[in-house]
Amino acid sequence: MSAALDVPVDMRTAFVRTVAELLDEDPSVALVLADISADHFCRDLRRYPDRVLNVGIREQLLISVAGGLALTGLRPIAHTYAPFLVERPFEQIKLDLVHQDAGAILVSVGASYDWPGGGRTHQSPGDVALLDTLPGVRVHVPGHPDDAARLLRAEAGRDGVAYLRLSAAANAQPQPGSGLRLVRPGRRGLVVAVGPMLDPVLAAAKALSGEGIHVAVAYLDTVRPFDGAGLRAVLADVATPEVVLVEPYLAGTSSHAVSEALTGRAHRLLSLGVRRNGELRVYGDAADHDRAHGLDPASLAVEVLAFLAC
């Protein structure tokens, strides 16, 4: 990683810098854009016209072009807003990438509701659940810009289809390593925080400790494939087999993965995330949406406390 990434940046900036480095370093890396972020890649569009392509606001073509580049031996990165990258061209992901065994890295911005003012067209809480219907797609949900750069670099050297979900929300500190790893020890249940949910979960855990309830907190930024072995290992050191899964997209998206990992083991599971009981038809800001979905620290503490008290 270049020294430029040592300064605090957001995930989108980390993505732009890392892609520019990869294009310089590796002639097999290509980039396909659909206008979004194109202004950040002016140099690369001029320098690598055969490997950096802007197809305009045509997201189905974005994925098809990425698939075609992959079939020529390149490692394409396709990038735009999450709903335009996953939901709108889903058939192309299914057929032109997965069915054709054509590898590509899909990198989104916008997350579930990073820009509430953009309305429902720019919100995508269902992206990970939708991709979960396809076999073999790796899904990464970084919680910090450094983690985003690390995961992108790792995927650039691999084959297959991968999704990197960037967000404006970020934890204060990166979390090096891989798999499901323990961040805060505790004996009264385990809270698994995905990506940028770690800091709110840690704040909730701190509040619970003031009530004499010491929950363990684990972190996960690669959700597919799900690290079932890591979950079992961490849970083995927790006195009560109670798991709270906190995801920054549709609640319950990974509940089946947790249940499969704990097959044959008695356990209880609470899945928290973007609520499924209807979209919010007001704008506000991202923090307002967090509170509405119960994903702010205070709401998380209340939910976890109620679950453990059952």
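Guide: Let us begin with Tyr-283, which is found in the loop between strand S12 (268–274) and helix H11 (286–292). Helices (H or I, at least four residues) and strands (E, at least two) are DSSP runs, numbered from the N terminus. The model is predicted: local features need pLDDT of at least 70, side-chain atom pairs count only at pLDDT 80 or more, and totals for chains, interfaces and linings use all residues. Residues are numbered from 1 along each chain as its sequence is written, and side-chain values use heavy atoms, with hydrogens and water left out.

Visitor: Why is Tyr-283 called exposed?

Guide: Buried means under 20% relative accessible area, exposed means over 50%, and partly exposed lies in between (1.4 Å probe, protein chains only). Tyr-283 has a relative accessible area of 53%, and is therefore exposed.

Visitor: Which residues is Tyr-283 in contact with, leaving aside its neighbours within four places in sequence?

Guide: They are Pro-116, Gly-117, Gly-119 and His-289, where contact means heavy atoms within 4.5 Å. The C-alpha atoms of Tyr-283 and Ala-218, by comparison, are separated by 32 Å, and these residues are 65 apart along the chain.

Visitor: What makes Thr-240 partly exposed?

Guide: The relative accessible area of Thr-240 is 21%, so this residue counts as partly exposed. Thr-240 has its place in the loop between helix H9 (228–235) and strand S11 (242–250). Not counting residues up to four places away in sequence, Thr-240 touches Arg-187, Arg-188, Gly-189 and Leu-235.

Visitor: Why does Val-139 count as buried?

Guide: Val-139 has 2% relative accessibility and therefore counts as buried. Val-139 is found in strand S5 (residues 138–140). Apart from neighbours within four places in sequence, the residues in contact with Val-139 are Val-128, Tyr-163, Asp-221, Thr-222, Val-223 and Arg-224.

Visitor: What kind of peptide bond joins Arg-224 and Pro-225?

Guide: The bond is cis, with omega about 0°. Pro-225 lies in the loop between strand S10 (222–224) and H9. Most residues other than glycine have a negative phi, and most peptide bonds are trans.

Visitor: Which value of phi does Asp-101 have?

Guide: Asp-101 is not a glycine, yet its phi is positive, about 55°. Asp-101 lies in the loop between H5 and strand S4 (104–109), and at 71% relative accessibility it counts as exposed. Ala-111 is also a residue other than glycine with a positive phi, near 50°. Ala-111 lies in the loop between S4 and helix H6 (127–131), and at 4% relative accessibility Ala-111 counts as buried.

Visitor: How do you know that H3 and H5 are roughly parallel?

Guide: Two packed helices are described by the angle between their axes and the distance between the axes. Axes are lines fitted to C-alpha atoms, for helices over the stretch in contact, and angles run from 0 to 180 degrees between N-to-C directions. Angles under 35 degrees count as roughly parallel, over 145 as roughly antiparallel, 65 to 115 as roughly perpendicular and the rest as oblique. Helix H3 (residues 59–71) and helix H5 (residues 90–99) pack at about 10°, with their axes 9 Å apart. H3 and H5 are therefore roughly parallel to each other. Their contact is made by Gln-60, Ile-63, Ser-64, Ala-66 and Gly-67 of H3 together with Gln-92, Ile-93, Asp-96 and Leu-97 of H5.

Visitor: What makes the pair of Phe-15 and Phe-41 edge-to-face?

Guide: Rings of Phe, Tyr and Trp (its six-membered ring) pair if their centres lie within 6.5 Å; planes under 30 degrees apart count as stacked, over 60 as edge-to-face and the rest as tilted. Phe-15 and Phe-41 are 6.1 Å apart centre to centre, with 75° between the planes, and the pair is edge-to-face. Both residues, Phe-15 and Phe-41, are buried.

Visitor: Why is the pair of Tyr-81 and Phe-84 called tilted?

Guide: The planes of Tyr-81 and Phe-84 are 45° apart, with 6.2 Å centre to centre, and the pair is tilted.
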